[in-house]
Amino acid sequence: MSDRRLAGGVALVGGALLIVGARLAWLTLFAGLQRLPGTQGPYGWALVVAGLAVALAGAGMAVGRLPDLRRPLDALGLVALGFCLWLLDGQRAVLSELRRTPIYVPRGGPGIAVATVGAAMLALLAPWGWWAKRRAGRT
């Protein structure tokens with residue numbers, strides 16, 4: 001399997017994790033009775049759109065129909081990673097504010113963490129490609 005196709009597969013999985021993370025609960029209230037997924041607001045939908053674009057580009061790379069798009073996908077991954085880290089900080093702030101009122105029983109959901117893992121996979125595409133080329137030059 002070529003390095004480009006493997007990078008396309010990684011991008012496909014990273015984009016899918018962005019989409020899944022946006023659809024999972026970002027916050028639950030009342031001990032899990034009310035779940036709030038990311039797609040209830042614009043930030044979740046932004047992750048879905050980015051995930052779809054990355055997944056389609058990754059699928060095209062994996063089947064060999066598109067050229068090597070590691071650098072643009074890496075740039076998008078860095079932006080998505082920064083965005084997800086900002087969302088995690090916002091989630092932490094909202095949870096600390098909601099915990100002041102015990103009736104809500106708030107808990108953080110797994111959605112933002114899953115999206116962050118997908119964004120980190122994308123952000124590592126360019127360094128991984130650089131390392132693979134360097135390693136291939138040594139052998």
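This is a predicted model: local features need pLDDT of at least 70, side-chain atom pairs count only at pLDDT 80 or more; totals for chains, interfaces and linings use all residues.
Residues are numbered from 1 along each chain as its sequence is written, and side-chain values use heavy atoms, with hydrogens and water left out. Local features need pLDDT of at least 70, side-chain atom pairs count only at pLDDT 80 or more, and totals for chains, interfaces and linings use all residues.

Start with Gln91. Gln91 sits in helix α3, residues 70-98. Helices (H or I, at least four residues) and strands (E, at least two) are DSSP runs, numbered from the N terminus. Gln91 counts as buried because its relative accessibility is 13%. Buried means under 20% relative accessible area, exposed over 50%, and partly exposed in between (1.4 Å probe, protein chains only).

What does Gln91 touch, leaving out residues up to four places away in sequence? The partners are Trp26, Gly108, Gly109 and Ile112. Contact here means heavy atoms within 4.5 Å. With Trp26 there is more detail: the side chain of Gln91 reaches the backbone oxygen of Trp26 at 2.5 Å.

Now turn to the loops. Most residues other than glycine have a negative phi. Ala31 is not a glycine, yet its phi is positive, about 60°. Where is Ala31 found? Ala31 is in the loop between β1 (25-29) and β2 (34-37). Its relative accessibility is 42%, so Ala31 counts as partly exposed.

Val105 is not a glycine either, and has a positive phi of about 45°. Val105 lies in the loop between α3 and β3 (107-108). Val105 counts as partly exposed because its relative accessibility is 33%.

Methods:
A polar contact is a pair of N or O atoms within 3.5 Å; within protein, one must be able to donate a hydrogen and the other to accept it, and residues adjacent in sequence count only if both atoms are side-chain atoms.
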